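Reader: I'd like to learn how to read a few features in a protein model. Could we go through them one at a time?

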Amino acid sequence: MSTKRGLFKNKKVMAWVLMMSAIVLHVVDEAMTDFLPFYNQVVTGLRQRLGFFPMPTFTFRLWLATLIFLVVAGFAFTPVVARGGKLVQRFTTVLGILMILNACGHMIGSAFLWRILPGFWSSPILLAAAVFMLVRGLSDSYWTSRRNEI
């Protein structure tokens, strides 16, 4: 990528940074609205009912430290996203799908339970950022043109 254009004139990078920023907002929303006790209670209840449920439970400290590490790593990954490539395209596509499911889970869960679930308020922003990144991630013309430049 030309340094004259700047890193954020690349729509893929813009989508990535918006996605990481939306994840930061979502983590803060979840931390401030006691998401973890709700999550741990759901996981424990499903384990009791089903006998097995593959999701782990967390302490607040471990949960927050892990999410902070992942967000910092995500922002550090930005130059790799700027270079592009099929592996990056697949990764951003999978992350976009996971974040769409995450956001929809908070919103649909709130509607289903008739109460605002922890993490609900940032979910529309997370959903919008994930859809934008997914659209950019599935854009083959971007990856083809990037590959020709490198």
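Reader: How many aromatic pairs does the structure hold?

Author: A pair of aromatic rings is described by the distance of the centres and the angle of the planes. Rings of Phe, Tyr and Trp (its six-membered ring) pair if their centres lie within 6.5 Å; planes under 30 degrees apart are stacked, over 60 edge-to-face, and the rest tilted. This structure holds 8 aromatic pairs. One of them is tilted: Phe35 and Trp63, with 6.1 Å centre to centre and 35 degrees between the planes. Phe35 sits in helix H2 and Trp63 in helix H3, 28 residues apart, so the pair links distant parts of the chain. Helices here are DSSP runs (H or I, at least four residues), numbered from the N terminus.

Reader: Before we go on, where do these values come from?

Author: This is a predicted model, where local features need pLDDT of at least 70 and side-chain atom pairs count only at pLDDT 80 or more, while totals for chains, interfaces and linings use all residues. Residues are numbered from 1 along each chain as its sequence is written, and side-chain values use heavy atoms, leaving out hydrogens and water.

Reader: Is Phe35 buried or exposed?

Author: Buried means under 20% relative accessible area, exposed over 50%, partly exposed in between (1.4 Å probe, protein chains only). Phe35 counts as buried at 14%, and Trp63 is buried too, at 7%.

Reader: Which way do H1 and H3 run relative to each other?

Author: Axes are lines fitted to C-alpha atoms, for helices over the stretch in contact, and angles run from 0 to 180 degrees between N-to-C directions. Under 35 degrees is roughly parallel, over 145 roughly antiparallel, 65 to 115 roughly perpendicular and the rest oblique. The axes of H1 (residues 11-32) and H3 (residues 60-76) come within 10 Å and cross at roughly 165 degrees, so these helices are roughly antiparallel.

Reader: What about H5 and H6?

Author: Their axes come within 8 Å and cross at roughly 155 degrees, which makes H5 roughly antiparallel to H6.

Reader: What is the phi of Trp114?

Author: Most residues other than glycine have a negative phi. Trp114 has a positive one, near 60 degrees. Trp114 is in the loop between H5 (86-113) and H6 (123-137), and is exposed at 80%. Asp34 also has a positive phi, about 55 degrees; Asp34 lies in the loop between H1 and H2 (35-50).

How values were computed:
Helix = DSSP H or I, 4+ residues; strand = E, 2+ residues; numbered from the N terminus.
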